[in-house]
Amino acid sequence: MSRCVFAKLPIALFSCALLAAGCNYFQEKFGPPAPQEQGFQLLGPQGTPFSAIISDLTASWQVQGAVPLEIVVLNGTPQVRMVVTKLRNDSSIISVDALSAGSIVYSNSESLPFSTTQLQLTSIVPTLAPPANPDIRYLVLAPYGMNITGTIEDQNLEFQIAAIVPVLFIFENPVGATTGQFTESAIGYGPMTVQLFQNGKLTKTVVNGPNVRIP
């Protein structure tokens, strides 16, 4: 089993961001070992809105939200790029960290109004890949600041996850149906809210605690 790396997010209220993600580690379930997860962490004044495009060699995803947040691509290629545009006409700084196995490997920041910044992991992603199909995303919204653990799997691979809410997991090129299992690390923080997005549509929401299984 590979090492577990925990991602850190500032403890601040999650404003208008829709998408966020955390850290995780993987183990082989069936077939070849899963590729190492890649991700990005966006930081700055709470609630600063942004739009972004993430792309690796085979798929791309559009993301809109607000900082702070983190996004992790499960089952992607090692080469991945993120282009982020700040959607605010002020001098607030938006910082983007590129993560590999939960560790920061590159950082960049911009402060100009509506500025754009880009980060790339491993090697050049020469062109924008076509939109992911299927596009599968698990979004854990609440309780904010809670540590969660669990698994996300398809018919071939199982990813064991550990993250801080809110968190978004993007599952690239799953084989068959996917399942997410999430568990709160402590009780008394209220129910957990998990949403499943499939091809841009919210298809299922589960509110429960301390465990949620979706779908």
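Me: How much of β4 is buried, and what does buried mean?
Reply: Buried stands for under 20% relative accessible area, exposed for over 50%, and partly exposed for what lies in between, using a 1.4 Å probe and protein chains only. By that rule β4 is mostly covered, with five of its seven residues buried. A strand here is a DSSP run of E with at least two residues, a helix is a run of H or I with at least four, and both are numbered from the N terminus. Keep in mind that this is a predicted model, where local features need pLDDT of at least 70 and side-chain atom pairs count only at pLDDT 80 or more, while totals for chains, interfaces and linings use all residues. Residues are numbered from 1 along each chain as its sequence is written, and side-chain values use heavy atoms, leaving out hydrogens and water.

Me: Which strand does β3 reach through a hairpin, and how do I read strand pairing?
Reply: Strands of a sheet pair through backbone hydrogen bonds, either parallel or antiparallel. Here, two strands count as paired if DSSP finds at least two bridges between them. A hairpin of three residues links β3 to β4, and these two strands pair in the antiparallel sense over seven bridges. One example to look for is I54, whose bridge partner in β4 is W61.

Me: What is the order of the strands in the open sheet?
Reply: The order is β4-β3-β6-β9, four strands with antiparallel pairing. β4 and β9 each have a single partner strand and stand at the edges, so one side of each has no neighbour in the sheet. On average, neighbouring strands of this sheet are turned by 15° against each other, direction ignored; such axes are lines fitted to C-alpha atoms (for helices over the stretch in contact), and angles run from 0 to 180 degrees between N-to-C directions. Further into the order, β3 and β6 pair in the antiparallel sense over seven bridges, and S51 has T85 in β6 as its bridge partner.

Me: How many residues are in the largest nonpolar core?
Reply: In soluble globular proteins, nonpolar side chains tend to be buried together. A nonpolar core is a set of buried Ala, Val, Leu, Ile, Met, Phe, Trp, Tyr and Cys residues joined through side-chain atoms within 4.5 Å. The largest one in this model has 25 residues, and those with the most contacts inside it are F40, L42, F50, I54, I71, M82 and V84. Among the elements giving two or more residues to this core are β2 (38–43), β3 (49–56), β6 (80–86) and β13 (167–172). Apart from it lies another core, of 23 residues, including M146 and I161.

Me: Which residues does V84 touch, leaving aside its neighbours within four places in sequence?
Reply: Contact means heavy atoms within 4.5 Å. With those neighbours left aside, V84 is in contact with L42, F50, S51, A52, I94, V96, S115, T116 and T117.

Me: Where is T116, and what does its side chain do?
Reply: T116 is in strand β9 and is partly exposed, with a relative accessible area of 42%. Its C-alpha atom is separated by 5.5 Å from that of V84, 32 residues apart along the chain. The side chain of T116 also makes a polar contact with the side chain of T85 (2.9 Å). A polar contact is a pair of N or O atoms within 3.5 Å; within protein, one must be able to donate a hydrogen and the other to accept it, and residues adjacent in sequence count only if both atoms are side-chain atoms.

Me: How many aromatic pairs does the structure hold?
Reply: Rings of Phe, Tyr and Trp (its six-membered ring) pair if their centres lie within 6.5 Å; planes under 30 degrees apart count as stacked, over 60 as edge-to-face, and the rest as tilted. The structure holds two such pairs. Y138 and F182 form a tilted one, 6.0 Å centre to centre with 50° between the planes. Y138 lies in β10 (residues 135–142) and F182 in β14 (residues 179–184), so the pair ties together parts 44 residues apart in sequence. Both Y138 and F182 are buried. For F159 and F171, the ring centres are 5.5 Å apart and the planes are at 85°, so this pair is edge-to-face.
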